[in-house]
Amino acid sequence: MKPTKPAAEMTVKELAHYIDQSVLKPEFTVEEIKKYTQEGIDFGCKTICINPASLEVVAPMVEGTDTGLCVVCDFPFGLATTEAKAMLAEEYCSKYDIEDLDIVANYGWLRSGLHDKVVADLKPLVEVCHKHGTKVKVIIETESLNDEQIADGTRCAVEAGADFIKSSTGFLTGHESEGASPRVVKLMMDAANGEIAVKGSGCIRTREHFLQLIDMGIDRMGVGYRSTPVVLDRIPEEAKNL
């Protein structure tokens, strides 16, 4: 959705509302998870995006704040069975107040042109999440797709009833990292045609890139814990001089 004013004129609070702060590294200690979650809360990020194992730690921290919970599901490959994905969604959403659930589409099927299977795989999970008032973001791993497949994946997410289309997991290896470039985001936005919100994720590390995507009309961005203070221009002065 096009913003009502240029991103450069937005307050830190307004800008932070575009961010799902990523706290997803599997090697994180509990203390690191707490640290980066609290930083995201202090910045006023829209959500903290976490692995399911972190729910017990992070859920009490965001309670009563303006920052919500975003949990990934079948991440980062999206290759569980349809039934297993729906069961996982039920497990998470029935026990925690989850604002968003980010599910990985079977992008091997997307590359195979099996669009009906992609949609059928997503629909049961979407139904479970919506029953609990949780929004669904579908990750199509754009690094692995050509332009036509990115458009097809976006349309599959629309057909499945999802709330967002999302570019990348940030964990794909063996491919050139383009991430949420303006080119990729525009491909998703054009295919979405206003029927689904767009989340860019991957390689959003500079303030210039961040503001550009907002001005393009992006709805949400996944930003790593190291990059959040950079894009919000909230790096302490002493750190800038290091």
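Predicted model: local features only at pLDDT ≥ 70, side-chain atom pairs only at ≥ 80, totals over all residues.

Mentor: We start with the strands.

Trainee: How many strands make up the barrel, and in what order do they run?

Mentor: To read a barrel, follow the strands from neighbour to neighbour. Here eight strands form a closed barrel in the order β1-β2-β3-β4-β5-β6-β7-β8, and the pairing is parallel. On average, neighbouring strands of this sheet are turned by 25° against each other, with direction ignored.

Trainee: Which strand pairs with β4, and over how many bridges?

Mentor: Strand β4, residues 100-104, pairs with strand β5, residues 135-139, in the parallel sense over five bridges.

Trainee: Which strands does helix α3 touch?

Mentor: For a helix on a sheet, look at what it touches and then at its direction. Helix α3 (residues 55-62) packs on the sheet and touches β2 (47-50) and β3 (68-73). The direction of α3 makes about 160° with that of β3. Helix α4, residues 82-95, lies across β3 and β4 and runs at about 155° to β3.

Trainee: Now single residues. Is T37 buried or exposed?

Mentor: The value to read is the relative accessible area, and a residue counts as buried if that value is under 20%. T37 is buried because its relative accessible area is 0%. This residue is found in helix α2, residues 30-43. Beyond its neighbours within four places in sequence, T37 is in contact with V23, I48, V58 and M61.

Trainee: What is the relative accessible area of T82?

Mentor: T82 has a relative accessible area of 21%, so it is partly exposed. T82 lies in helix α4.

Trainee: Which residues does T82 contact, apart from its neighbours within four places in sequence?

Mentor: They are A120, D121 and P124. T82 and D121 are 39 residues apart along the chain, while their C-alpha atoms are separated by 5.1 Å.

Trainee: Where is S201 found, and is it buried or exposed?

Mentor: S201 is found in strand β7. With a relative accessible area of 9%, S201 is buried. Leaving aside neighbours within four places in sequence, its contacts are K166, S167, S168, G179, A180 and G222.

Trainee: How much space lies in the largest pocket, and which residues lie nearest its centre?

Mentor: The largest pocket holds about 610 Å³ of space. Its lining has 29 residues, and S22, G170, G202, R205 and G224 lie nearest the centre. The elements that give two or more residues to this lining are β1 (19-23), β7 (197-201) and β8 (220-224). Of the elements, β8 gives the most, with three residues.

Trainee: What classes of residue line the largest pocket?

Mentor: The lining of the largest pocket has eight nonpolar, 12 polar and nine charged residues.

Trainee: How much space lies in the second largest pocket, and how many residues line it?

Mentor: About 370 Å³ of space lies in the second largest pocket. It is lined by 16 residues, and M1, H17, Y18, I218 and D219 are the closest to its centre. By class, this lining has seven nonpolar, two polar and seven charged residues.

Technical notes
Residues numbered from 1 in each chain as written. Heavy atoms only, no water. Helix = DSSP H or I, 4+ residues; strand = E, 2+ residues; numbered from the N terminus. Buried < 20%, exposed > 50% of the residue type's maximum accessible area, 1.4 Å probe, protein only. Contact = heavy atoms within 4.5 Å. Pairing = 2+ DSSP bridges. Axes fitted to C-alpha atoms, helices over the stretch in contact; angles between N-to-C directions. 1 Å grid on protein atoms, 1.4 Å probe; cavity = no way out; pocket = protein on both sides within 12 Å on 5 of 7 lines; lining within 4 Å. Points joined across faces, edges and corners; volume = space filled by probe spheres on them. Nonpolar A, V, L, I, M, F, W, Y, C, P; charged D, E, K, R; others polar.
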